[in-house]
Amino acid sequence: MAGKKKEASLQTSVTNQEQWEEMLTTKGLTIVDVYQQWCGPCRAVVSLLRKIKNELSDDLLHFATAEADNIDALEKYRGKCEPTFLFFGGGELVAVLRGANAPMLQRMIVEELAKEKLVLVQGSGRKVVSSGTLISTCIFG
């Protein structure tokens, strides 16, 4: 039972458009595991995310799962059963990873968190990615 509580605190569950919009206002970097009800979120990476969160111990790093079926903004991700991780900084899409590539996911989290800190601390520009581009292309940092 304790494991479930840890997992719940590790990843915020986003199941509707209102929660999605609220999640986008989170300060820092948010990595969203997009899933559909029939396919479920990528459970294989939960232990990796917990390890990264513990190692970095950074309040600007957030994880969420988002059910594409009930969120209009994620309509493009419906009908696919491939893990998709969306990286948001300041409510803007900054990177995407398709597939459960643990070493790549870990590297991208560290790199994108460093970029987000530069934006927040130094006022650097944030490199935003078009979601239309990401549907057919994987962005690897």
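These legends walk through close-up views of one predicted model. Residues count from 1 along each chain as its sequence is written, and side-chain values rest on heavy atoms, leaving out hydrogens and water. Since this is a prediction, local features need pLDDT of at least 70 and side-chain atom pairs count only at pLDDT 80 or more, while totals for chains, interfaces and linings use all residues.

**View 1. The open sheet.** Five strands line up in the order E1-E3-E2-E4-E5, with mixed pairing. At the edges sit E1 (11-14) and E5 (92-98), each pairing on one side only. From one strand to the next, the twist averages 25°. Strands (E, at least two residues) and helices (H or I, at least four) are DSSP runs numbered from the N terminus, and two strands pair if DSSP finds at least two bridges between them.

**View 2. Where E1 meets E3.** These two strands run parallel, joined by four bridges, with E3 covering residues 61-67. Look for Ser13, which stands opposite Thr65 in E3.

**View 3. Helices across the sheet.** H3 (residues 46-56) lies across E1 and E3, at about 155° to E3. H4 (residues 102-122) lies across E2 (29-35), E3, E4 (84-89) and E5, at about 170° to E5. Angles run from 0 to 180 degrees between N-to-C directions, using axes fitted to C-alpha atoms, for helices over the stretch in contact (heavy atoms within 4.5 Å).

View 4. Among the elements, E4 has the highest mean (94) and H5 (residues 131-134) the lowest (48). Over residues 1-8 the pLDDT is below 50.

Note on methods: pLDDT = per-residue confidence, 0-100.
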